Amino acid sequence: MNKQIKMIWSIVLIFANVVILMAGIWFFCGKQDFSLNQKKNSHLIGASYMTMNNEFYKIISEEITKRVEAEGDRMVIRDPALDVGRQIEQIQEMLDMGIDVLIITPVDWESLTEVLRQARSQGTIIVVLDTNVQDSELVDCTITSDNYQAGVLVGQYFLTGHEKSRILVMTHEAARSGQERVRGFMDTVLADDNMEIVSKIECEGQVEIAMPRLQQAIEEGVEFDSIFCLNDLASVGAAAALDEKDMLHSVDLYGVDASPDSKALIAEGMMQATAAQFPTEIGKKASDVIYRLLNGQQVEKDILVPVELVTKDNVEQFSIDRWQ
């Protein structure tokens with residue numbers, strides 16, 4: 001038991017240190033041009049990810065940057081840190097720089113329409129990753145995991161282990177991806193009348209928000225025996241809150257991502273299941289789409305990257321210490 005508790009807190013502390021390190025790196029490097037050996041008349045490609053404290057986006061970014069540098073083009077990257085106003089400002093700044101391509105993972109899927117119209121009016125190619133924007137007609141291509149199916153897969157597995165359950169759901173309502181995962185899970189489990197959603201908690205998909213808000217819900221007397229989290233950052237925060245309240249082994253925990261931290265929790269029996277996303281694949285597909293569009297070629301408007309269920313039975317197949 002002590003080993004398991006130490007592992008959870010080690011994960012939380014490691015995450016906190018990574019956040020601090022990443023903040024420093026992006027503060028000093030966020031306005032740099034990351035490409036070397038640019039060709040003459042090179043393309044300028046700008047990216048604004050939802051947040052760079054999530055390893056998922058770092059992996060996507062690394063894949064795209066690697067391709068951009070190989071092509072002799074230039075890359076600028078911005079981190080809005082989950083602030084939609086900052087993201088809009090960053091996009092406008094990159095448009096003023098004359099970017100040829102805008103890569104974006106929207107902080108708020110409903111709030112970027114006007115700045116995307118501006119990008120479109122300037123002839124900028126727009127590629128959306130991970131989570132949709134409201135007006136898809138403004139976008140050349142959207143590449144996401146099959147977020148609804150991720151919720152369905154976890155929901156189906158959930159039903160195999162529960163005849164009756166009171167479920168708490170951790171959400172991120174501003175992100176369409178989070179909405180879709182929750183919808184897929186709820187559509188699946190609520191088909192059974194013995195399943196009840198007792199509470200939804202907005203956590204923005206962040207460890208440092210999920211943990212105290214779940215602790216508060218417990219202190220307020222919300223009764224539940226299972227938790228579904230929109231992503232595995234929230235799952236790690238939930239695990240830490242459950243451990244703090246000595247509830248870790250009496251509550252079943254589910255998520256989406258298959259991050260290294262969540263896979264470690266599954267392997268130790270402290271989390272039941274997650275749905276694996278594949279950020280390397282998303283980054284590779286995005287790179288291909290960008291250069292097809294720059295070369296005037298047609299691409300699919302919407303690309304869904306399949307997801308896979310991860311449980312204790314197959315977690316070793318997914319390499320616990322790294323993303324897939």
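Predicted model: local features only at pLDDT ≥ 70, side-chain atom pairs only at ≥ 80, totals over all residues.
How exposed are the two partners? Aspartate 187 is partly exposed, at a relative accessible area of 40%. Arginine 183 is also partly exposed, with a value of 39%. The pair belongs to a network: salt bridges with shared partners connect Arg176, Glu180, Arg183 and Asp187.

How many salt bridges does a search of the whole structure find? The number is twelve. I will go through two others.

One of them is in helix H2, residues 55-70. There, glutamate 63 and lysine 66 are three residues apart, which again separates them by about one helical turn. Their side chains meet in a salt bridge of 3.6 Å, N to O. Is each partner buried or exposed? Glutamate 63 counts as buried because its relative accessibility is 14% and the cut-off for buried is under 20%. Lysine 66, at 51%, is exposed, since exposed means over 50%.

The other salt bridge joins the side chains of arginine 166 and glutamate 196, at 3.2 Å from N to O. Here the partners come from distant parts of the chain, 30 residues apart: arginine 166 is in strand E6, residues 165-171, and glutamate 196 is in strand E7, residues 195-202. Arginine 166 is partly exposed, with a relative accessibility of 32%. Glutamate 196 is partly exposed as well, with a relative accessible area of 39%.

Strands E6 and E7 bring me to the sheet. In which order do its strands run? The order is E7-E6-E8-E9-E10-E12, so we have an open sheet of six strands, with mixed pairing. At its edges are E7 and strand E12, residues 308-311, and each of these pairs on one side only. On average, neighbouring strands in this sheet are turned by 20° against each other, ignoring direction.

To look at one pair inside the sheet, take strand E8, residues 226-229, and strand E9, residues 252-257. These two pair in the parallel sense over three bridges. Serine 226 stands opposite aspartate 252 of E9.

Next, the helices against the sheet. Helix H7, residues 207-219, lies across E6, E7 and E8, and runs at about 125° to E7. Helix H8, residues 232-244, also packs on the sheet, where it touches E6, E8, E9 and strand E10, residues 273-276. The direction of H8 makes about 160° with that of E9.

Now the interior. In soluble globular proteins, nonpolar side chains tend to be buried together. In this model the largest nonpolar core has 54 residues. Which members touch the most other members? They are Met170, Leu214, Phe224, Ile227 and Leu242. Helix H8 supplies the largest share of this core, with eight residues.

Methionine 170 deserves a slide. Leaving out residues up to four places away in sequence, the contacts of methionine 170 include Val182, Ile201, Cys203, Ala210 and Leu214. Also among them are Ile227, Phe228, Cys229, Leu230 and Ala234. There is a second, separate core of 32 residues, and its members include Ile59, Ile103, Cys141 and Ile290.

I will finish with two loops. Asparagine 53 lies in the loop between strand E1, residues 44-48, and helix H2. Asparagine 53 counts as buried, with a relative accessibility of 14%.

Glutamate 110 is in the loop between strand E3, residues 101-104, and helix H4, residues 113-121. Glutamate 110 is partly exposed, with a relative accessible area of 45%. Where is aspartate 135 relative to glutamate 110? The two are 25 residues apart in sequence, and their C-alpha atoms are 8.1 Å apart in space.

Note on methods: Residues numbered from 1 in each chain as written. Heavy atoms only, no water. Salt bridge = Lys/Arg side-chain N within 4 Å of Asp/Glu carboxyl O. Helix = DSSP H or I, 4+ residues; strand = E, 2+ residues; numbered from the N terminus. Buried < 20%, exposed > 50% of the residue type's maximum accessible area, 1.4 Å probe, protein only. Axes fitted to C-alpha atoms, helices over the stretch in contact; angles between N-to-C directions. Contact = heavy atoms within 4.5 Å. Core = buried A, V, L, I, M, F, W, Y, C linked by side-chain atoms within 4.5 Å.
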